[in-house]
Every structure is written in C-alpha cells, then in structure tokens.
Amino acid sequence: MAKELPYFRFTAAEWLNDDISLESYELKGVFADVCAFYWFKDCSIDVALLHKRFKDAKTMVEALVELEIIKINEDDSITIKFLDEQYDLLSEKRKKRSEAGRAGGLKKATNA
C-alpha cells in the first residue's frame, strides 16, 4: 500500500480531540513516526519490530501501549485502529477498481 498510496488521512479535528491530544509533544511526535512506519509496512508489524525500530523511544512506545493508543494483539502484532480502518477501506476500493479495470479491458479485447 505504501507505493500505491504513500499517505494516510490525517484529520486535524480528530488529532486535536482524541486521546493523543492530551499527551506531551514528544509522545505525539513518536506516535506520528509510529503511524508513518506502520502505514509504510502495510499496517502489519509486530511488537518486536516496533521495539527494534523505535529502540531510542522505548518508554514512549510503552506509554502509547499503556494508553491503548497502540494495541497489542494476542499474536504480538500491533493495531492502530484509525489506520487499520483506512487500510481496509482503501484495500477494498483498490480491489473493486482492479476488477472493474480488468472487466473493461476484457470487454475492449472482445470488441477488437
């Protein structure tokens, strides 16, 4: 997804009103970096990779987990809810567009 859509939707109102808005600028910065890395990795990373990538911010990452801004699943993968929702929506749209393009291409080929 990172190549097809190199950005995720950032809504200022949600940023300013969500739980993260109450935290320090440093924690918000680490969270923004984690979000970018998570999106780049197609919303699929585990705790070990998270800690390895952000080893200099281990206490900040642990704080994000404690605050349940980042959730750890039973299989040690992580979840960032708003990014997962966007990823699922965009993946479905991409699949539908691909199918429509394929159908259109087949129709043109049979008319030629």
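Q: Which residues of H4 are buried?
A: Met-60, Val-61 and Leu-64 are the buried residues of H4. Buried means under 20% relative accessible area, exposed over 50%, and partly exposed in between, with a 1.4 Å probe and protein chains only. This is a predicted model, so local features need pLDDT of at least 70, side-chain atom pairs count only at pLDDT 80 or more, and totals for chains, interfaces and linings use all residues. Residues are numbered from 1 along each chain as its sequence is written, and side-chain values use heavy atoms, with hydrogens and water left out.

Q: Why are the buried residues of H4 said to line one face of the helix?
A: Seen down the axis of H4, they fall within an arc of 100°, so they line one face. The arc is that of the directions from the helix axis to the C-beta atoms. Thr-59 and Glu-66 are exposed on the other side of H4. H2 and H3 are among what covers the buried residues.

Q: What makes H4 a helix here, and where does it run?
A: Helices are DSSP runs of H or I with at least four residues, strands are runs of E with at least two, and both are numbered from the N terminus. H4 spans 58-66. Just after H4, Glu-68 takes a positive phi of about 60°.

Q: Why is Gln-86 called buried?
A: Gln-86 has a relative accessible area of 14%, so it is called buried. Gln-86 lies in helix H5.

Q: What does Gln-86 touch?
A: Not counting residues up to four places away in sequence, Gln-86 touches Phe-8, Arg-9 and Trp-39. Contact means heavy atoms within 4.5 Å.

Q: Which residues touch the most other members of the largest nonpolar core?
A: Phe-31, Leu-64 and Ile-80 do, in a core of 25 residues. H2, H3, H4 and H5 each give two or more residues to this core. The largest share, 8 residues, comes from H2. A nonpolar core is a set of buried Ala, Val, Leu, Ile, Met, Phe, Trp, Tyr and Cys residues joined through side-chain atoms within 4.5 Å.

Q: Which residues does Leu-64 touch, not counting residues up to four places away in sequence?
A: Leu-64 touches Ile-20, Leu-27, Val-30, Phe-31, Ile-69 and Ile-70.

Q: How do the residues of the lining of the largest pocket divide?
A: They divide into 12 nonpolar, 3 polar and 8 charged. Asp, Glu, Lys and Arg count as charged; Ala, Val, Leu, Ile, Met, Phe, Trp, Tyr, Cys and Pro as nonpolar; the others, Gly among them, as polar. H5 gives the largest share of this lining, 5 residues.
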